[in-house]
Amino acid sequence: MASSSSYNSPCAACKFLRRKCLPGCIFAPYFPPEEPQKFANVHKIFGASNVTKLLNELLPHQREDAVNSLAYEAEARVRDPVYGCVGAISFLQRQVQRLQKELDAANADLIRYACNEIPTALPAPPVTSSIQHMAPRQRPGDQFNSRIGNEGGFYQPSGSMPLHYNFPWNDNPTGDPAETQRGIFSMAFGT
Amino acid sequence: MINGRCSACKYLRRKCPLDCIFSPYFPSNDPERFSCVHKIYGSSNVGKMLQQLPVHLRAAAADCLCYEARCRIQDPVYGCVGIISLLYQQIHSAENQLAETKAEIAVLAVNKNFQI
């Protein structure tokens, strides 16, 4: 957490707002002067007074994460003025569904292998052998054998935020903007 | 709006002009929708964001802003970034499980070949 409310180093917020950065500036710990774009984005999307209100409603130990998540949302909205973070959510949900399908297929293959159903590259021997049939293995953490994904509800965060993210959600594989919009709303809003 | 004010203009206690930027997306029968975006973004920021978009994209943008605003009201610390973080965790976990499963399949395939 950088503190820059010293007499010769106004924080990025006060520099942007062209005002004196006083000791106790609410922005100073979270908007260091080395990152001017961070506050510029947050100011553009949320506005300084809304951010102040939001921060004042939080406990001090929550504010850094709140500012970082606001900065993340603001950058997402600047890059994608229509969908913002919802585009990211939709993209990630598509990935989760794709992985779910792959995992289902892999588990099905595993079960078939375990039950000796998948033919091997070499021909089977002419005599019967006492091959023991393996039962499908029960693995811990099999939660992905059940459906996963966001049905449009709100999640409680269970860990820290991703530190870096390169906004790939604009990479629509078909390049069709209409598909992006349909996909985003069906995924994010559960419609 | 011909018959009355949109929920934004009601909230802001002003006349709703014919070309109100908010009225197509903040109908009077859903006052909570505008109050959420107003609380998080402020009406002038929302108006500016919508003005800067082509008309055919404004409805989608308004819906997304509402969604994000509601997320932020529910979770003032992480907002919808909490959802993104959770999805990343799910993806990471699924990728690990997929790699483990594929490794198990590979081992079984090799064992089968050696048995013959």
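This is a predicted model: local features need pLDDT of at least 70, side-chain atom pairs count only at pLDDT 80 or more; totals for chains, interfaces and linings use all residues.
Helices are DSSP runs of H or I with at least four residues, strands are runs of E with at least two, and both are numbered from the N terminus. Residues 84-111 of chain B are 100% helix and 0% strand. An unreviewed UniProt entry annotates residues 84-111 of chain B as "coiled-coil region". UniProt positions follow the numbering used here, feature names are shortened, and annotations may be inferred rather than shown by experiment.

Some ground rules come next. Residues count from 1 along each chain as its sequence is written, while chains are lettered from A and ligands numbered from 1 in the order in which they are written. Local features need pLDDT of at least 70, side-chain atom pairs count only at pLDDT 80 or more, totals for chains, interfaces and linings use all residues, and side-chain values use heavy atoms, with hydrogens and water left out.

Now turn to chain A. The unreviewed UniProt entry places "domain: LOB" at residues 9-110 of chain A. That span is 71% helix and 0% strand, with its end C-alpha atoms 61 Å apart. Chain A also carries a "coiled-coil region" annotation from an unreviewed UniProt entry, at residues 89-116. Here the chain is 93% helix and 0% strand. The end C-alpha atoms of residues 89-116 are 40 Å apart.

Back in chain B, the domain assignment gives domain 1 (1-74) and domain 2 (78-116). Such bounds come from an automatic or database domain assignment. The centres of the two domains of chain B, taken over C-alpha atoms, are 43 Å apart. Four residues from domain 1 of chain B and four residues from domain 2 of chain B make the contact, meaning heavy atoms within 4.5 Å.

How much area is buried between domain 1 and domain 2 of chain B? About 320 Å², with carbon and sulfur atoms giving 68%. Buried area is the accessible area (1.4 Å probe) that two parts lose on being put together, summed over both. Between these two domains of chain B there are zero salt bridges.

A salt bridge is a side-chain nitrogen of Lys or Arg within 4 Å of a carboxyl oxygen of Asp or Glu. Over all chains, the count is eight salt bridges. One of them joins B:Glu68 and A:Arg77, at 2.9 Å from N to O. This pair crosses between chains. B:Glu68 sits in helix H4 (residues 55-74) of chain B, and A:Arg77 in helix H4 (residues 60-79) of chain A.
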